[in-house]
Amino acid sequence: MKIGELANLTHTQVETIRYYEREGLLPETARTGGNYRIYGDAHAARLSFIRHCRGLDMTLDEIRVLLHFKDAPSENCGEVNALLDEHIGHVAERIRELRTLEKQLKSLREQCRETQDAGHCGILNELTEIARHPGGLRDHAGHVHGAHKRTASRKAMPETTGHAR
């Protein structure tokens, strides 16, 4: 199948498939005489595995490790267990950060209990005050990257950029 068919089959953007190829997550494919890539069922299965791991918020490096062990089924999976334990720890930390963020947002929401003109909005005024202090937003907002669904403006960037840890 061609890349467009693989994209449709796996619900993955063509750009993302090419990105995974550049990153070495998908193996190089055979090409037709017209220089089109030809993919098989193994590519679709591997891509689906990668997509599922990304859905679990795993980084590309974590997925590389998992793919290594998938490609070497006779190796001991102790490193896979350790990787997942570490990832669970990252998720637990993000949950703690998100709970803190939720508390901060609720506190901020209490600054404006009723609608009024924006010039007297307690939320906007508090955000403005926090922003005036050096490092204010970092100290007060606690934003957790990756916590939002993708928006239309972010779709141009491959979803596979991984989060920093």
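Mentor: Asp57 counts as partly exposed, at 24% relative accessibility. Here buried means under 20% relative accessible area, exposed means over 50%, and partly exposed lies in between, using a 1.4 Å probe and protein chains only. Asp57 sits in the loop between α3 and α4. Helices (DSSP runs of H or I, at least four residues) and strands (runs of E, at least two) are numbered from the N terminus. The phi angle of Asp57 is near 65 degrees, a positive value in a residue other than glycine.

Two ground rules come now. This is a predicted model, where local features need pLDDT of at least 70, side-chain atom pairs count only at pLDDT 80 or more, and totals for chains, interfaces and linings use all residues. Residues are numbered from 1 along each chain as its sequence is written, and side-chain values use heavy atoms, with hydrogens and water left out.

Stay in the loop between α3 and α4, where Met58 is also found. Met58 is buried, because its relative accessible area is 3%. What does Met58 contact, leaving aside its neighbours within four places in sequence? It is in contact with Cys53, Ile63, Leu66, Leu84 and His87. Contact means heavy atoms within 4.5 Å. Take His87 from that list. Met58 and His87 are 29 residues apart along the chain, yet their C-alpha atoms are separated by 7.4 Å.

His87 belongs to α5, so look at how α4 meets that helix. The axes of α4 (60-71) and α5 (78-109) come within 10 Å and cross at roughly 155 degrees. That makes α4 roughly antiparallel to α5. Axes are lines fitted to C-alpha atoms, for helices over the stretch in contact, and angles run from 0 to 180 degrees between N-to-C directions. Under 35 degrees counts as roughly parallel, over 145 as roughly antiparallel, 65 to 115 as roughly perpendicular, and the rest as oblique. α4 passes α5 in a left-handed crossing. Left-handed means the near helix is turned anticlockwise from the far one by less than a right angle; right-handed means clockwise. From α4, Glu62, Val65, Leu66 and Phe69 meet Glu79, Val80, Leu83, His87 and His90 of α5. This contact has five nonpolar, two polar and two charged residues. Ala, Val, Leu, Ile, Met, Phe, Trp, Tyr, Cys and Pro count as nonpolar, Asp, Glu, Lys and Arg as charged, and the others, Gly among them, as polar.

Next comes the core. The largest nonpolar core has 19 residues, and Ile17, Tyr20, Leu25, Ile50 and Ile63 touch the most other members. The elements giving two or more residues to it are α1 (3-10), α2 (14-22), α3 (41-55) and α4 (60-71). Such a core is a set of buried Ala, Val, Leu, Ile, Met, Phe, Trp, Tyr and Cys residues joined through side-chain atoms within 4.5 Å.

Two helix pairs involve α1. The axes of α1 and α3 come within 10 Å and cross at roughly 45 degrees. The two helices are therefore oblique to each other. Their crossing is right-handed. Leu6, Leu9 and Thr10 in α1 meet His43, Ala44, Leu47, Ser48 and Arg51 in α3. By class, that contact holds four nonpolar residues, three polar and one charged.

The axes of α1 and α2 come within 9 Å and cross at roughly 105 degrees. That makes α1 roughly perpendicular to α2. Here Ile3, Gly4, Leu6 and Ala7 of α1 meet Val14, Ile17 and Arg18 of α2. Five residues of this contact are nonpolar, one is polar and one is charged. Leu6 of α1 also meets α3.

Other loops are worth a glance. Asn35, in the loop between β1 and β2, has phi near 70 degrees, again positive in a residue other than glycine. Asn35 is partly exposed, at 48%. Thr29 lies in the loop between α2 and β1. At 15% relative accessibility, Thr29 counts as buried. Thr29 touches Glu21, Arg37, Ile38, Tyr39 and His43, not counting residues up to four places away in sequence.

Finally, step back. The protein has seven helices and two strands, and 26% of its 165 residues count as buried.
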